[in-house]
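Dear colleague,

Please find the structure below, together with its sequence. A short account of what was found follows it.

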Amino acid sequence: MQRIDLLKQDNEIWELFTRKEEYDNHSRDHHDRFLYSMSRHGDISLPRASGVLIEKGYSCEYPETRPFAICLTHDIDTVYRPLRSKILDILCALKSGDLTQAGYIAPQLCSKKRPEWNFNEIVDLEASYGACSSFYFLALEEGDRDYAYAIEDLEQDMGTLLDRGWDIGLHGGCEAYRDSEQLQREKRYLERILNRTVDGYRNHFLKFRVPDTWELLEQAGFRYDTTLGYPDSIGFRNGMCHPFQPFNIHTNREMEILEIPLAVMDRTLFSYMQLNMEQAWARMERILEAVERYNGVITILWHNVFMTGAPLRIYRKILEYGCEKGAWMTSCREIEAWWRKGGMQPP
């Protein structure tokens with residue numbers, strides 16, 4: 001049987017997979033997001049929809065017979081830090097006795113670029129574990145809501161990322177998820193700076209409308225999206241730990257765009273769920289083990305501003321875990337290309 005037919009056999013799984021409860025649902029937070037706390041689906045730490053497919057004999061064949069994949073991503077919300085903010089960070093580090101962190105920030109007091117202008121450091125860290133990742137940049141113009149930096153300032157840095165084999169996608173602005181004109185304008189802007197087509201997408205603040213945003217992204221020419229995840233809880237929003245083509249229940253159509261669902265965001269662990277380092281790693285390890293068990297893909301979002309202190313130590317532990325387990329640690333672009341070539345095989 002086809003994957004869609006298998007998922008339809010269980011009405012609860014089908015509604016989870018399609019995110020039926022989000023269609024025309026007016027329950028939203030102040031960022032216009034549907035949260036896990038608003039969902040009627042309970043434990044999302046297990047990928048129940050993927051589990052149905054795996055139990056029916058579907059499997060994934062990763063490069064070099066890897067057992068599962070870790071898809072690494074970074075949203076670049078800001079690259080500049082005001083002087084006052086850096087001084088406060090140094091004082092906080094000294095108060096907590098973290099002399100290493102204080103020493104890391106101190107030399108950057110006279111530079112607007114640091115410590116958030118850290119793309120090379122991120123790439124070097126990932127490369128040391130045989131990994132690569134995707135970077136999502138805002139392509140907003142001065143005067144746009146949440147404008148944070150001029151994308152032209154990063155042209156050389158983005159060229160370096162591409163030359164080293166890393167992936168670049170669009171980090172859509174606050175209104176792009178529901179505004180076709182804005183979405184396409186931002187896409188063209190980033191493509192003009194990069195001088196190449198932009199295929200991948202994630203929206204700012206994880207803003208997303210099911211199924212409307214998928215439809216807009218498909219019309220704009222994106223090949224994949226990786227926004228579908230909850231900001232307030234880690235886990236599998238639609239029960240999938242594999243990429244999938246969304247099914248629009250309004251049009252009864254499987255879409256062309258590929259969703260590479262987001263499972264874990266740094267801010268979710270440390271801000272929304274307010275976990276300490278030990279708790280965060282325990283939850284992280286549980287999710288990783290579930291994805292390995294189901295031969296899946298786990299997508300992780302770690303902002304460039306979380307590449308210090310305890311969050312950086314968790315990110316290193318993720319890379320170490322993947323390395324020890326023999327996982328394929330790669331970018332969304334590589335995941336999308338692999339999937340299109342038949343990443344999930346039928347029984």
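The residues that line the largest pocket divide into nine nonpolar, four polar and three charged. Please bear in mind throughout that this is a predicted model.

The largest pocket holds about 270 Å³ of space. Its lining is made up of 16 residues, and those closest to the centre of the pocket are Arg3, Phe244, Gln245, Glu254 and Trp339. Two helices, α1 (3–8) and α13 (332–340), each supply at least two residues of this lining. Of the elements involved, α1 gives the most, with three residues.

The second finding concerns a pair of helices. In general, two packed helices are described by the angle between their axes and the distance between the axes. Here the pair consists of α11 (residues 277–293) and α12 (residues 309–325), whose axes come within 11 Å and cross at roughly 30°. Angles under 35 degrees count as roughly parallel, and α11 and α12 are therefore roughly parallel to each other. Their crossing is right-handed.

On the α11 side, the contact is formed by Met277, Ala280, Trp281, Met284, Glu285, Leu288, Glu289 and Glu292. These residues meet Ala310, Arg313, Ile314, Lys317, Ile318, Tyr321 and Lys325 in α12. Sorted by class, the contact of α11 with α12 has nine nonpolar and six charged residues, and no polar ones.

With kind regards

How values were computed: Residues are numbered from 1 along each chain as its sequence is written. This is a predicted model: local features need pLDDT of at least 70, side-chain atom pairs count only at pLDDT 80 or more; totals for chains, interfaces and linings use all residues. Side-chain values use heavy atoms; hydrogens and water are left out. On a 1 Å grid over the protein atoms alone, a cavity is a set of points where a 1.4 Å probe fits but cannot get out, and a pocket is an open set with protein on both sides within 12 Å along at least five of seven lines; lining residues have an atom within 4 Å of a point. Grid points are joined across faces, edges and corners, and a volume is the space filled by probe spheres set on the points. Helices (H or I, at least four residues) and strands (E, at least two) are DSSP runs, numbered from the N terminus. Ala, Val, Leu, Ile, Met, Phe, Trp, Tyr, Cys and Pro count as nonpolar, Asp, Glu, Lys and Arg as charged, and the others, Gly among them, as polar. Axes are lines fitted to C-alpha atoms, for helices over the stretch in contact, and angles run from 0 to 180 degrees between N-to-C directions. Angles under 35 degrees count as roughly parallel, over 145 as roughly antiparallel, 65 to 115 as roughly perpendicular and the rest as oblique. A crossing is left-handed if the near helix is turned anticlockwise from the far one by less than a right angle, and right-handed if clockwise. Contact means heavy atoms within 4.5 Å.
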